[in-house]
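Hi,

Here is the structure I promised to pass on.

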Amino acid sequence: MTLRHQWMLVGAVVGSLAIGLSVGAWVMRDQLFPIEVGSRAPAFEARRVDGSQRVLTMADYRGKVVVLNIWATWCKPCVTEMPTFERLRQQVADTNLRIVAVSVDDYAGADSVHAFAKGLNLTFDILLDSLHRIDRDYLTTGYPETFVIARDGTIRKKWIGPAEWDSKSSVALVRELLGSRP
């Protein structure tokens, strides 16, 4: 084997390893690069369900404290949790708080999700992302999944599963992020 063939073999092995590592990192990205407390909140976009067809993005909430909930109408724990977001909104009437619930319903359209939210008397932003882009951006592992995002865009709390968002500790966290006293 000539020196040239040896270098070609070394180059092929190094190239194969690089490709393998790249593919492995892409496949394992959820485990290698999770969205955690302290992470910057990823951008997202989803359509309002109020008939306006307006698409909102994370940039629309810049400078606000955001409670971002990813849910679906068919998810019983999600449905149970929804009224607690409404009570949180009522307890913390600060205009710098935004509660944003992004439905990932595949088959329910905007009208159905809107009627569903209206039936629960929800007055916060209800959005729809039936393509599940927000799942990929936020690396969700199930529903509901909620992220509390500070004004600077960093995630301050991540919660998987239903929670009582009108509890004393949740209200205290939101008020702390808003800069007001409990």
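Let's start with the inside. The largest nonpolar core has 51 residues, and F44, L68, I126, Y138 and I149 have the most contacts inside it. By nonpolar core I mean a set of buried Ala, Val, Leu, Ile, Met, Phe, Trp, Tyr and Cys residues joined through side-chain atoms within 4.5 Å. Buried stands for under 20% relative accessible area, exposed for over 50%, and partly exposed for what lies in between (1.4 Å probe, protein chains only). At least two residues of this core come from each of β3 (65-71), α3 (76-91), β4 (97-103), α4 (110-119), β5 (125-128), α5 (133-138), β6 (145-149) and α6 (168-178). The most comes from β3, which gives six residues. These labels are DSSP runs numbered from the N terminus: helices are H or I with at least four residues, strands are E with at least two. As a general point, nonpolar side chains in soluble globular proteins tend to be buried together.

A word on the basis of all this. The model is predicted, so local features need pLDDT of at least 70 and side-chain atom pairs count only at pLDDT 80 or more, while totals for chains, interfaces and linings use all residues. Residues are numbered from 1 along each chain as its sequence is written, and side-chain values use heavy atoms, with hydrogens and water left out.

Next, have a look at β5. Both of its faces are covered: D125 and L127 are buried on one side, I126 and L128 on the other. In a regular strand, side chains alternate between the two faces of the sheet. Strand β1 (residues 45-48) pairs with β5 in the antiparallel sense over two bridges, and L127 is the bridge partner of R48. Pairing here requires at least two bridges found by DSSP between the strands. β4 and β5 run parallel and are joined by four bridges; L127 turns up again, as the bridge partner of V102. Together, β4, α4 and β5 make a right-handed β-α-β unit. Right-handed means that, with the strands pointing away from the viewer, the path from the first strand over the helix to the second runs clockwise.

Now the charges. The structure holds seven salt bridges, each a side-chain nitrogen of Lys or Arg within 4 Å of a carboxyl oxygen of Asp or Glu. R133 and D129 form one of them, with their closest N and O atoms 3.9 Å apart. R133 is partly exposed at 30% relative accessible area, whereas D129 is buried at 1%. Salt bridges that share partners also join R48, D50 and D125 into one network. Within it, the side chains of R48 and D50 meet at 2.9 Å, N to O, and D50 is partly exposed at 39%.

Finally, how many disulfides does the structure hold? There is one, joining C75 to C78 with an S to S distance of 2.3 Å; the cut-off for a pair of cysteine sulfur atoms is within 2.5 Å. The link is right-handed, with 75° about the S-S bond. C75 is buried at 5% relative accessible area, and C78 is buried at 0%.

Over to you!
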